[in-house]
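I am opening a notebook on this structure. The entries follow the order in which I looked things up.

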Amino acid sequence: MLLEIQGVSGGYGRREVITDVSCTADAGEILCLVGPNGCGKTTLFRLILGLLPATSGSIRIDGNDVSALQPNQLARLVAYIPQFHAPVFNFTALDVVVMGRAAHFSAFEAPRQSDRELAFAALEKLGAAQFANRPYTALSGGQRQMVLIARAICQSAKVFIMDEPASSLDYANQQLLLDTVEELAENGYCIVMSTHNPQHPASIAHKVLLMRDGRVSAFGAPDEVMTPQCLQAAYGVEMDVVGVRDRYGAERIICLPVKRRGSAEQNAAREDLE
């Protein structure tokens, strides 16, 4: 198993944010983290990235305990893709991708030509090579996400941590992003992605970790976790989960909150039925 999280608790100082969280994800799998604001998703990411120490439990990546790894060793195993990134300097997109190679050379070394070639190849893999020489700050939100994913590929990491990557994207770019995430998983990467949209795990995830109040509310396959009962327990609102087929016959799952009828609407509905 590429990513193993066993009984992990942790937080900030004396304030424990997550308690006894366990989940796993392997190469070629997409693990989606879902749950209301403040449930502990970001804290769990920081623990995986080694930015916070766990107070109990363990996190292992490719058999290595995160707490025992040096930063450059950890960077070769896990890459972080934020939902928004604005550099101070006006780097080109290619320069941003080359930064992913930092874990592979010392602080006093400059990127080599081979590093730039790897960076360009990562952009090409995502169909984003045309952005290579454009200022990163001039790119759209969807284009920036592709550049950040290319940087993670260039980093040669095995696990990609994606923090709400679709939150600032329009609908078309969200679909492009989800297609890209699926392709990355097909190429053997392990994707751990947080989202506020229940459609995302229902559409692309292999596993779902549903959290509430810093604890695991449910963990398993999407059809086991994305149920009306589990979603209502986590979010505190009634939800329906409906299966439909699109025009090409592909099965889709739609999650939607239940809208209760008022008494006047109920009476009108009864009269219509009569």
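Why does I254 count as partly exposed? I looked up its relative accessibility, which is 36%, and that is why I254 falls in the partly exposed class. The cut-offs are under 20% relative accessible area for buried, over 50% for exposed, and partly exposed in between, with a 1.4 Å probe and protein chains only.

I noted the ground rules next. The model is predicted: local features need pLDDT of at least 70, side-chain atom pairs count only at pLDDT 80 or more, and totals for chains, interfaces and linings use all residues. Residues are numbered from 1 along each chain as its sequence is written, and side-chain values use heavy atoms, with hydrogens and water left out.

**Entry: surface patch.** I found I254 in strand β12; strands (E, at least two residues) and helices (H or I, at least four) are DSSP runs numbered from the N terminus. Together with V242, V244 and L256, I254 forms a nonpolar patch on the surface, with about 260 Å² of accessible area in total. Patch members have over 30% relative accessible area and no salt bridge; nonpolar side chains (Val, Leu, Ile, Met, Phe, Trp, Tyr) are joined within 5 Å, like charges within 9 Å. A salt bridge is a side-chain nitrogen of Lys or Arg within 4 Å of a carboxyl oxygen of Asp or Glu. Areas come from the Shrake-Rupley method with a 1.4 Å probe, and for residues only the protein chains shown count as cover. At least two residues of the patch come from each of β11 (239–245) and β12 (251–257).

**Entry: helix α5.** I then turned to α5, residues 141–154, and found 12 of its 14 residues buried, among them R144 and R151. Its cover includes β6 (78–81), α3 (93–98), α4 (113–125), β7 (159–163) and α6 (171–186). After α5 comes S156, with a positive phi near 65 degrees.

**Entry: cores.** I looked up the largest nonpolar core and found 53 residues, with I149, F160, M162 and I191 having the most contacts inside it. The biggest share of this core comes from α5, with eight residues. A core here is a set of buried Ala, Val, Leu, Ile, Met, Phe, Trp, Tyr and Cys residues joined through side-chain atoms within 4.5 Å. Another core, of 31 residues, lies apart from it and includes L3, V17, L69 and L209.

**Entry: K125.** I placed K125 in helix α4. Beyond neighbours within four places in sequence, K125 is in contact (heavy atoms within 4.5 Å) with I153 and Y189.
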